[in-house]
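Subject: Salt bridges in the structure

Hi,

Here is the structure I promised to hand over.

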Amino acid sequence: MTEQGLKELRDKLDKIDNQLLELINERMELVHQVGVVKAQSGGAIYRPEREKAIINRLVSLNKGGRLNKKAIEALFLEIFAISRNIELPENIAYLGPEGSFTHQAAEARFGAMSSYISIGSIKGVFREVSTKKAKFGVIPIENSSNGIVSDTINCLSSYNLKIIAEVILDIHHTFASTCDKVNDIKKIYSKDIAFDQCHNFLENFGLDEIEHIPVESTTKAAKLALSEPNSAAICSHVGAKLYNLPILFENIEDIDNNRTRFFIISDFDNAPSGNDKTSILVKLPNTPGTLVDFLTEFDQEGINLTKIKSHIVEGVSIFFIDFDGHRNDDNIKKIFDKHGKNIKFLGSYVKEIDDI
């Protein structure tokens with residue numbers, strides 16, 4: 001291609017960029033007007049079901065374009081995040097530290113421009129949202145390898161907050177170090193669970209017999225590995241980049257479909273989206289057949305149960321249950337009307353996945 005041909009293409013790109021800027025500014029003006037109406041009516045700024053519907057509509061219109069669904073989602077989630085900050089800037093509390101997988105999950109929904117607060121405990125995240133120091137909280141609920149997060153269940157039981165969205169994150173670990181050669185590494189920092197999830201990698205490279213030092217987060221592991229000679233970290237890609245720690249190996253986890261599910265919590269209920277999931281906590285009388293009878297009613301009402309986990313809260317056995325549908329659906333209302341005193345409603349929200 002000639003220089004003239006290249007210039008013509010760049011001129012066309014510039015023209016499109018100018019149009020995009022004009023259209024985005026036009027969109028943001030409309031967003032501002034929506035924000036004024038919501039402020040007067042007390043409506044929620046973050047509407048996951050509305051954002052999901054917009055993305056699904058755009059994906060359906062994308063016939064033969066070079067953008068795939070993931071790219072469209074990434075572009076518009078960032079636009080939505082900027083829009084929310086224009087409507088009403090609000091804090092998002094997450095289980096820290098900065099660069100953690102929970103931080104990644106938060107940014108996946110709220111974008112890079114939002115105001116984030118790193119909190120050292122799951123209970124602390126609930127407390128920040130409950131006291132309205134943060135509008136939203138992001139916490140892990142379960143991992144495909146390690147199961148349910150007990151602290152999250154305990155807090156869902158104790159606090160009167162609602163699950164307004166779920167985020168599913170593929171968990172990948174990197175091996176990062178300032179050492180050029182693996183043989184020069186004498187100790188490895190990471191979270192204890194990460195050592196377990198990367199056992200095969202460590203064994204294959206003869207790193208299973210050197211010193212393994214557990215720390216409270218993989219982000220801290222990256223920070224320590226940067227400052228200490230002959231050390232390495234098993235950490236997230238974001239954690240390594242945060243401290244400019246060179247990555248030697250990517251995706252070193254034993255199981256390549258390791259996923260973590262996160263909840264976004266706040267103080268409002270979602271409207272139905274047409275593709276919802278509902279979560280509840282259930283405490284039933286300790287008598288034979290009670291649980292079976294309760295679950296049978298879901299089958300009779302045509303409600304698809306996607307998860308049931310038993311858990312002990314303050315010495316009492318409760319059940320964490322997920323099922324398809326919204327609390328306002330007629331068949332689900334029947335369950336709540338009959339068993340309301342035994343059920344704590346946690347939230348109805350757009351379903352991202354059946355199960356991890």
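A residue is called buried when its relative accessible area is under 20%, and exposed when that value is over 50%, with partly exposed in between. Please keep in mind that this is a predicted model.

With that cut-off, Arg-261 is buried, because its relative accessible area is 2%. Its partner in a salt bridge is Glu-142, with 2.8 Å between the closest N and O atoms. Arg-261 belongs to strand β11 and Glu-142 to strand β3, so this pair ties together parts 119 residues apart in sequence. Glu-142 counts as buried too, with 4% relative accessibility.

How many salt bridges are there in total? The count comes to 16. Two others may interest you.

The side chains of Lys-132 and Asp-267 meet in a salt bridge, 3.0 Å from N to O. This pair links distant parts of the chain, 135 residues apart: Lys-132 is in the loop between α5 and β3, and Asp-267 is in the loop between β11 and β12. Lys-132 counts as exposed at 61% relative accessibility, whereas Asp-267 is partly exposed at 34%.

Glu-216 and Lys-220 also form a salt bridge through their side chains, at 3.1 Å from N to O. Here Glu-216 is exposed, with a relative accessible area of 55%, and Lys-220 is partly exposed at 33%.

Best wishes

Terms used
Residues are numbered from 1 along each chain as its sequence is written. This is a predicted model: local features need pLDDT of at least 70, side-chain atom pairs count only at pLDDT 80 or more; totals for chains, interfaces and linings use all residues. Side-chain values use heavy atoms; hydrogens and water are left out. A salt bridge is a side-chain nitrogen of Lys or Arg within 4 Å of a carboxyl oxygen of Asp or Glu. Helices (H or I, at least four residues) and strands (E, at least two) are DSSP runs, numbered from the N terminus. Buried means under 20% relative accessible area, exposed over 50%, partly exposed in between (1.4 Å probe, protein chains only).
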